[in-house]
Every structure is written in structure tokens, then in C-alpha cells.
Amino acid sequence: MIRKVKGTRDILPPESRLWNEVERTAHRILGGFGYSEIRLPLLEPTELFVRTVGEGTDIVSKEMYTFPDRKGRSLTLRPEGTASVARAFIENGLGQRPQPLRLSYFGPMFRYEKMQRGRYRQFSQIGIEILGAAAPAADVEVITALHTFLSALGFDDLVIVLNNLGDPEDRDRFIEGLLSELGPHRDELCGDCQRRWTENPLRILDCKVPRCRELVAETTPVAEVVGDEARAHVDEVERALAELEIPVKRAPRLVRGLDYYLRTVFEVISPELGEDTVICGGGRYDRLISDLGGKPVPGVGFAIGEDRLVEVLPESTRARVLDQRIVTVLPIGDGATGPAARLARELVLGGAEVHTEVTGRSLKACLKWSGKMDATAAVILGEQELADGVAVVRDLRHGRQETVALGGVATAVIDLLEKSD
Ligand code: ATP
Ligand code: MG
């Protein structure tokens with residue numbers, strides 16, 4: 001038997017219905033805020049992520065699926081979406097379109113990580129980016145869209161945490177201070193942090209090793225050393241969100257694991273999964289496109305981990321989506337195949353979910369199958385019924401049935417599906 005690759009998952013029905021609902025809601029709400037989908041390749045030149053996400057980050061230094069293609073070019077299965085959006089923006093001259101440009105993306109990302117609940121090697125993200133807007137209003141819109149989307153899915157207990165990373169100039173000053181404060185304890189840091197010390201010291205702040213966390217907790221938070229402009233920017237974002245009554249908490253030590261963020265950074269945390277399992281991460285990245293060789297175009301966005309979102313979907317949303325009402329159409333005898341297919345088509349166009357019997361079972365077996373499928377209704381099309389121009393519509397939840405003229409069957413069934421509880 002061939003088994004799936006470690007860290008990948010088969011998402012089976014009916015679970016996949018939850019994914020469909022999350023994506024439908026995302027298209028409706030994020031689309032409503034003006035974000036249109038950009039479909040990006042899963043394969044990118046490795047260089048793209050090295051130059052944007054950053055060499056010293058966990059993603060680039062140990063999580064990427066990188067391999068040479070048949071001509072020896074280094075390719076990487078994308079570990080995140082923003083870098084590809086920035087590449088596509090430059091490559092397709094999207095700066096020529098009316099600005100700002102609002103884009104959304106959906107789909108799988110790949111990271112070679114240790115598997116655990118909510119952490120997979122192939123996982124899916126839903127993200128948006130607004131490009132060409134430097135003002136705090138853009139950050140406010142992105143977080144409002146996020147909050148509206150999560151509310152539409154029934155979430156009311158998620159926590160949005162936010163921090164100010166300052167501008168890249170502030171960061172150098174911050175890192176200098178951080179290293180001098182941590183200096184006396186340098187050899188108590190974990191092996192990874194020893195490497196980060198020289199390669200990318202900011203990443204020491206997202207280390208999950210308890211001793212590293214304790215030491216970091218004693219240092220001066222980044223938000224305290226940022227410059228005036230960055231401070232005013234993020235303060236304004238916070239003020240506007242408060243006015244909108246979108247609850248946001250300051251997290252002074254939040255830095256996020258990608259190098260391109262500056263000023264506003266934020267995460268969404270679920271009380272159920274705890275603060276180590278983040279549902280969504282985002283922030284501002286005003287230098288990303290220019291770092292890739294484009295003109296300076298500011299941007300802000302977020303990426304939601306869809307796997308984690310589905311795992312903590314509120315029970316009421318889950319029940320609503322999984323409570324499927326189906327009708328089985330049961331042709332009995334050869335002559336009934338055509339009329340059954342015609343009726344199925346009519347029911348589908350009327351909005352019903354139809355399962356037509358296509359294996360040639362007996363009536364008794366058909367009804368047993370309908371029971372196993374947990375169907376709400378069944379339509380029996382027997383030889384005698386067809387000769388009389390009628391069908392039997394059976395209400396399986398209440399064990400009642402009635403004979404209905406063929407022309408009225410679809411309406412009767414749809415009525416029954418809607419009224420049934
Ligand atoms: P974490 O701290 O959990 O490793 P991250 O900071 O690496 O997350 P981001 O790069 O910000 O995550 O990606 C955005 C979102 O994508 C995360 O908040 C999370 O919900 C999801 N995500 C990231 N890595 C994984 C993974 N390996 N499996 C499932 N979801 C993931
Ligand atoms: Mg990670």
C-alpha cells in the first residue's frame with residue numbers, strides 16, 4: 001500500500017464541506033471589501049524567498065522544500081504567499097493599475113516542520129494584501145476585513161494581538177539594545193538562538209524554548225524604541241480599531257517570523273489552541289517590493305492558516321454546515337432511469353442535493369441505502385407509478401409518504417427538505 005507523504009493530509013467529506021464554507025465566506029466577505037483573487041504558482045525560484053522572507057528565518061533556514069529541477073535551477077515549493085504577490089506585482093506591472101491594489105490568495109503552502117496538531121508540512125492559507133497605500137487607514141481596513149470575516153464564521157472569542165516593529169532604521173537600534181541586554185546571558189540561549197545571534201538576532205524574540213523566552217521577557221520591548229513616525233502610525237491604527245469596537249490587545253514582544261515586516265504586525269490567537277498556535281499572522285511591509293527590485297510600493301496584509309481555522313470553527317457553524325439535507329431518487333426497473341435522471345436535474349436546479357440510485361438495487365435495498373445516507377427524503381419511481389404519471393415522495397424523517405404527479409415532485413421535495421428539522 002502506498003501511503004501519503006508525512007505532513008500531508010487527505011481532507012475527506014464531510015470535513016471538506018467545512019473548508020468549502022470557509023472559502024465561500026472568504027470570497028464573499030474579503031471580496032466584498034474589494035479584494036480579488038490572484039492565483040499564483042506553487043513553484044517559485046528559491047531566491048524569491050531567500051531575498052524576502054530572509055535568510056536567517058526558520059522558514060528559509062530549515063523549513064523550505066527546495067530542489068533542483070531537471071536543468072539544475074533551484075526551485076522551492078512556496079512556504080508563504082506575500083513574496084509571490086510582490087513578485088507578481090512587479091512582473092505583471094500591476095503598479096500601472098489604479099492604486100491601491102487589493103488582492104486575495106488561497107491555497108497550499110509547504111514547510112518542512114515537525115508534525116503536530118495544527119502544524120503540517122502541506123497546509124493552506126487564505127490571505128489578502130493591499131498594495132500602494134502607506135496610510136494607517138490601510139492597516140485598519142485589513143484588520144477590519146479580517147475581523148468581519150472571522151465574525152461571519154461565527155467566531156466571537158478570538159483575540160487579535162498587535163505590535164509596533166518600527167521602521168528598519170529603528171530595528172538596528174533595537175537589535176543593538178537587545179544584544180547588549182542579553183549579552184550577560186548569551187551562553188544560556190539555545191543552540192538555534194546562538195546561530196540567530198550572529199545571523200538574525202530579531203528572530204531570538206520568536207524562539208519557543210522556555211529559557212530563551214524568560215531571558216527575552218526581561219529585555220526592552222521593540223515598541224518602546226521605535227521612532228516618532230512609526231509610533232504615530234501604529235497608534236492611529238489602534239485608535240481607529242478602538243473606534244470600530246474591534247478588540248485588539250498590545251503584545252509588546254510580538255515580532256513575527258518573517259523579515260519583511262515593519263511598523264504594524266498582528267496575530268490572531270484562539271483560546272482553544274493557545275498562544276503558540278496562531279490562526280492568522282499579518283503586518284505591513286513597505287520595503288518588500290523595492291527590496292525585490294521594484295519601485296517602492298507600501299503594502300499590508302495577512303495570512304490565515306485555514307487548517308487551524310477549520311479545526312477551531314465554532315460548533316454552531318460546524319453544525320449548520322454539516323447538517324446536510326439530501327434526497328435520494330430511486331428508479332425501480334429499467335424504464336425508470338431516464339425519468340430519474342430528468343427529475344434529479346430538476347431537483348439540482350431547484351437547489352437540492354440529490355443522490356440518484358445508479359447501481360440497480362431492489363426497492364428494499366434502495367430504502368436501506370437512503371437510511372444509511374441519512375437522507376431526508378426519497379423519491380420512488382416504480383414502473384406502475386411511471387405508467388400513472390406519478391412518483392412516491394417519502395418523508396424519511398417522519399415515515400410518511402404521498403403520491404405526487406410527476407410535474408409537482410421537485411416542488412414537493414424541495415418544500416419537504418426546507419421544512420424538515
Ligand atoms: P507558527 O508560529 O505557528 O509557526 P508562523 O509564524 O510560522 O506560525 P506565518 O508564516 O505567519 O506562520 O503563517 C500564517 C499562518 O499560517 C499561521 O498563523 C498559521 O495559522 C498558518 N501556518 C503556518 N505554518 C503552518 C503549518 N506548518 N501548518 C499549519 N498552519 C500553518
Ligand atoms: Mg512557523
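Predicted model: local features only at pLDDT ≥ 70, side-chain atom pairs only at ≥ 80, totals over all residues.
Some conventions before that. Local features need pLDDT of at least 70 and side-chain atom pairs count only at pLDDT 80 or more, while totals for chains, interfaces and linings use all residues. Residues are numbered from 1 along each chain as its sequence is written, chains are lettered from A and ligands numbered from 1 in the order in which they are written, and side-chain values use heavy atoms, with hydrogens and water left out.

I start with the ligand. Ligand 1 is surrounded by 17 residues, where near means that a heavy atom of the residue lies within 4 Å of the molecule. Arg111, Glu113, Arg119, Arg256 and Val278 are the closest. By class, the shell holds seven nonpolar, four polar and six charged residues. Here Ala, Val, Leu, Ile, Met, Phe, Trp, Tyr, Cys and Pro count as nonpolar, Asp, Glu, Lys and Arg as charged, and the others, Gly among them, as polar.

Which strands supply at least two residues each of that shell? They are E6 (122-131), E10 (278-284) and E11 (299-305); strands, at least two residues, and helices, at least four, are DSSP runs numbered from the N terminus. E10 gives the largest share, four residues.

Now the polar contacts, meaning pairs of N or O atoms within 3.5 Å. A side-chain N or O atom of Arg111 is 2.7 Å from an oxygen atom of ligand 1. For Gln125, a polar side-chain atom lies 3.0 Å from a ligand oxygen, and for Arg308 the distance is 3.0 Å. Ligand 1 taken alone exposes 590 Å², and the protein buries 92% of that; areas are Shrake-Rupley with a 1.4 Å probe.

Next, the helix pair. The axes of H1 (residues 15-32) and H12 (residues 315-322) come within 9 Å and cross at roughly 110°; axes are lines fitted to C-alpha atoms over the stretch in contact, with angles from 0 to 180 degrees between N-to-C directions. That makes H1 roughly perpendicular to H12, a label for 65 to 115 degrees. Contact means heavy atoms within 4.5 Å. H1 contributes Glu15, Arg17, Leu18 and Glu21, and H12 contributes Arg318, Arg320, Val321 and Leu322. Three of these residues are nonpolar, none polar and five charged.

Last, the backbone. Most peptide bonds are trans, and most residues other than glycine have a negative phi. The Pro13 to Pro14 bond is cis, with omega near 5°, and Pro14 lies in the segment before H1. Gln99 and Pro100 are also joined by a cis bond, omega about 0°. Glu245 has a positive phi, near 55°, in the loop between H9 (228-243) and E8 (248-250).

Key. Polar contact = N/O pair within 3.5 Å; in protein donor to acceptor, adjacent residues only side chain to side chain. Parallel < 35°, antiparallel > 145°, perpendicular 65-115°, else oblique.
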